[in-house]
Amino acid sequence: MNHFQIKTSIHFGTDALSSLQRIENKRIFVVTDPFMIKSGMIDKVKLQLEEKNEHITIFHNIVPDPPLENIVNGIQVMSAADPDVVIALGGGSAIDAAKAICLFNNRLNQKEAITKEVTFIAIPTTSGTGSEVTSFSVVTDRTKNVKYPLVSDEMLPTEAILDPELVKTVPPFITADTGIDVLTHALEAYVSTLSSDFTDAFSEKAIRLVFAYLEKSFRNGEDHLSREKMHNASCIAGLAFNTASLGISHSMAHIIGAKFHIPHGRSNGIVLPYVIEYNAHIKGYTDRSFSIAASKYAEIAKLLNLPSSDTRNGVKNLIIAVKKLRKDLGMPASLKEAGVKKEEFYQELDSLAEIAMKDKCTITNPRSPSIGDLKNLFEQAFLGN
């Protein structure tokens, strides 16, 4: 038996932020990062809250790839604030951190037999992670240079607010990185071993939106429609992978980011074409027995009106389309191009493969890799073609 559920209530479109005005007489704890303070983005949220709520605590110490000590600090501040409502404002790091803070704070409360229903509202300011509707969070152990995915339905936000006004000023390079992450979420969920008719529907829509609107939002941040569509696509892809999970593109990207400090979406953009080719596992030109993953990639090619006279041709042209989109967004095509040194890469290669193998996303990849397979994929990603 399969299961599909959407817990999070989603407010989206122009002026979606005004949905905060219904909150009255609550103790509010906001988790965000220094840029949200400096840019004045936090003021847009406070404007909706301050008239009807006196107790607002803002924890703005979140850093990219939030480390464990960041989470511990946040738990201490949250415990002191004793909130009725938690609001996460920012990109994936802020929302992931808020999730982890809430999760561990809840666990501590359970030990002390404290029961309190807390409303958790996620407000993304980038269009990429889909974290506002998922039960996933990623935290970093800086002592080991490893990212740990956390998975628990306890971390699912109660509400998500998708206001395109909040992403209009996102720089082009971040628009590119986060947009390719959306595409990777959708493609990996589509071929996951846990995919279903329900998750496929979300994946297909997200993929179509990315190819229609990502480059437009990259070229012109003031294009309101493109920004709104990419913001929606990010959330829709999140709804897909929250149930279907992901694959080895993310397993590889997690450790690439931890070891070489390459942004997550950029890491996915580098490895994705090689992972598609690996998962499709097409053998020569005479074998007509195609894997399920290959057939599904070919379905996506048809969905995008790419040449796809047969499965082999569809997979090939999907890979070409992904590489073209990446190039049009000015993104690196290899780890080498992204600044990773040859000596450093080969020194870490065994460790990269071993850690990616243990990543939870590897479990649902459509093709079960060996350590050797992963090493080959990492090497392809380093060298490019």
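Modeller: At 42% relative accessibility, Asp350 counts as partly exposed. The model it belongs to is predicted.

Colleague: What makes 42% a partly exposed value for Asp350?

Modeller: Buried means under 20% and exposed means over 50%, with partly exposed in between. The 42% of Asp350 falls between these limits, so Asp350 is called partly exposed. Lys375, at 27% relative accessibility, is placed in the partly exposed class as well.

Colleague: Why are Asp350 and Lys375 said to meet in a salt bridge?

Modeller: Their side chains come to 2.8 Å, N to O. The cut-off is 4 Å between a side-chain nitrogen of Lys or Arg and a carboxyl oxygen of Asp or Glu. A value of 2.8 Å is within it, so the pair is a salt bridge.

Colleague: Which parts of the chain does the pair of Asp350 and Lys375 link?

Modeller: Asp350 is in helix α12 (residues 342-358) and Lys375 in helix α13 (residues 371-383), 25 residues apart.

Colleague: What are the closest N and O atoms of Glu50 and Lys46 apart, and how is the pair classed?

Modeller: They are 4.0 Å apart, and the pair is classed as a salt bridge. Glu50 is partly exposed at 47%, and Lys46 is partly exposed at 25%. Both values lie between 20% and 50%, so neither residue is called buried or exposed.

Colleague: How many salt bridges does the rule give?

Modeller: The count is 11. Glu165, Lys168 and Glu222 are linked in a network of them.

Colleague: Is Thr125 buried or exposed?

Modeller: Thr125 has a relative accessible area of 5%, which is under 20%, so Thr125 is buried. Its place is the loop between β5 (119-124) and β6.

Colleague: What makes Thr125 and Gly91 a polar contact?

Modeller: A polar atom of the Thr125 side chain lies 3.4 Å from the backbone nitrogen of Gly91. The distance cut-off is 3.5 Å, so 3.4 Å is within it. Beyond its neighbours within four places in sequence, Thr125 is in contact with residues including Met36, Leu89, Gly91 and Val170.

Colleague: Which domains does the assignment give?

Modeller: The domain assignment gives domain 1 (9-166) and domain 2 (172-383). Their centres, taken over C-alpha atoms, are 27 Å apart.

Colleague: How do you know that domain 1 and domain 2 touch?

Modeller: 26 residues of domain 1 are in contact with 27 residues of domain 2. The area buried between the two is about 2,200 Å², and carbon and sulfur atoms give 61% of it.

Colleague: How many salt bridges and polar contacts lie between domain 1 and domain 2?

Modeller: There are zero salt bridges and eight residue pairs in polar contact. On the domain 1 side, β1 (9-12), β6 (136-141) and β7 (146-151) each supply at least two residues. The largest share, four residues, comes from β7. The residues on this side divide into 12 nonpolar, 10 polar and four charged.

Conventions
Residues numbered from 1 in each chain as written. Predicted model: local features only at pLDDT ≥ 70, side-chain atom pairs only at ≥ 80, totals over all residues. Heavy atoms only, no water. Buried < 20%, exposed > 50% of the residue type's maximum accessible area, 1.4 Å probe, protein only. Domains from an automatic or database assignment. Contact = heavy atoms within 4.5 Å. Buried area = accessible area lost by both parts, 1.4 Å probe. Polar contact = N/O pair within 3.5 Å; in protein donor to acceptor, adjacent residues only side chain to side chain. Nonpolar A, V, L, I, M, F, W, Y, C, P; charged D, E, K, R; others polar.
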